[in-house]
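Welcome! Please take a moment to look over the sequence and the 3D view, and then let us walk through the model together.

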Amino acid sequence: MENFDYLILRQSLHRLYLRMMEPVLERFGLTQMEEDILLFLANNPGHDTAAELVSLRSLAKSQVSTSVERLVRRGYLQRRPEGRKIHLRLLPAAAEAVRQGQDSQKRFGEAIARDFSPEEQTLLYGILTRMTENARRACRELTEE
């Protein structure tokens, strides 16, 4: 495999994503973590606990906890205890921040796929999905060692 600087790719993508989210964050007075939580819940039905946010997005538990508390106080989220789990539910007050965040995510996807044919986009997303799965598997294997 050719020598490719994955860290530069990651940094470039991350920087672009943050820049595209800035107007939404400013408009609603949210932190990036708070918007990420709202979008995670909107984009991943069925994954609605803080524990899933921490696990699936590799976020710091303390930051998720603080951000969830702020979102609850702002009326954007509701906690619903169910046995030992606490489920999070988006409230109507979050709808516009979610919609605008999803619009930014869509523009981000379009920006990074610009100049790719539909076939190339399908191939790219398949490769990136496999790379993500490979990286997660390798991390689990390292943890088990």
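## A histidine in strand 2

His87 is found in strand 2, residues 85-90. Helices (H or I, at least four residues) and strands (E, at least two) are DSSP runs, numbered from the N terminus. His87 counts as buried because its relative accessibility is 11%; buried means under 20% relative accessible area, exposed over 50%, and partly exposed in between, with a 1.4 Å probe and protein chains only.

The side chain of His87 makes a polar contact with the side chain of Asp48, at 2.6 Å. A polar contact is a pair of N or O atoms within 3.5 Å; within protein, one must be able to donate a hydrogen and the other to accept it, and residues adjacent in sequence count only if both atoms are side-chain atoms. Beyond its neighbours within four places in sequence, His87 is in contact (heavy atoms within 4.5 Å) with Asp48, Thr49, Gln78, Arg79, Arg80 and Glu82.

## How the model was made and read

This is a predicted model, in which local features need pLDDT of at least 70 and side-chain atom pairs count only at pLDDT 80 or more, while totals for chains, interfaces and linings use all residues. Residues are numbered from 1 along each chain as its sequence is written, and side-chain values use heavy atoms, with hydrogens and water left out.

The predictor's confidence in each residue is given as pLDDT, from 0 to 100. The protein chain averages 93, and 99% of the residues score at least 70. Among the elements of the chain, helix 5 has the highest mean pLDDT (97), and helix 3 (residues 50-57) has the lowest (88).

## Following helix 1

At the start of helix 1, a side-chain oxygen of Asp5 comes to within 3.2 Å of the backbone nitrogen of Leu7. Further along, helix 1 bends by about 40 degrees at Met21, with the proline Pro23 following within four residues. The bend at a residue is the angle between axes fitted to the seven residues ending there and the seven starting there. Just after helix 1, Gly29 takes a positive phi of about 65 degrees.

## Packing inside

In helix 1, the buried residues are Tyr17, Met20, Met21, Val24, Leu25 and Phe28. They pack against helix 2 (32-43) and helix 5 (95-112). Leu39 sits in helix 2 and is buried, with a relative accessible area of 2%. Not counting residues up to four places away in sequence, Leu39 touches Tyr17, Met21, Val98, Gly101, Gln102 and Gln105. Leu39 and Gly101 are 62 residues apart in sequence, yet 6.9 Å apart in space, C-alpha to C-alpha.

## Two aromatic pairs

The structure holds two aromatic pairs. Phe4 and Tyr6 form an edge-to-face pair, 4.9 Å centre to centre with 70 degrees between the planes. Rings of Phe, Tyr and Trp (its six-membered ring) pair if their centres lie within 6.5 Å; planes under 30 degrees apart count as stacked, over 60 as edge-to-face and the rest as tilted.

Tyr17 and Phe108 also form an edge-to-face pair, 5.3 Å centre to centre with 90 degrees between the planes. This pair links distant parts of the chain, with Tyr17 in helix 1 and Phe108 in helix 5, 91 residues apart.
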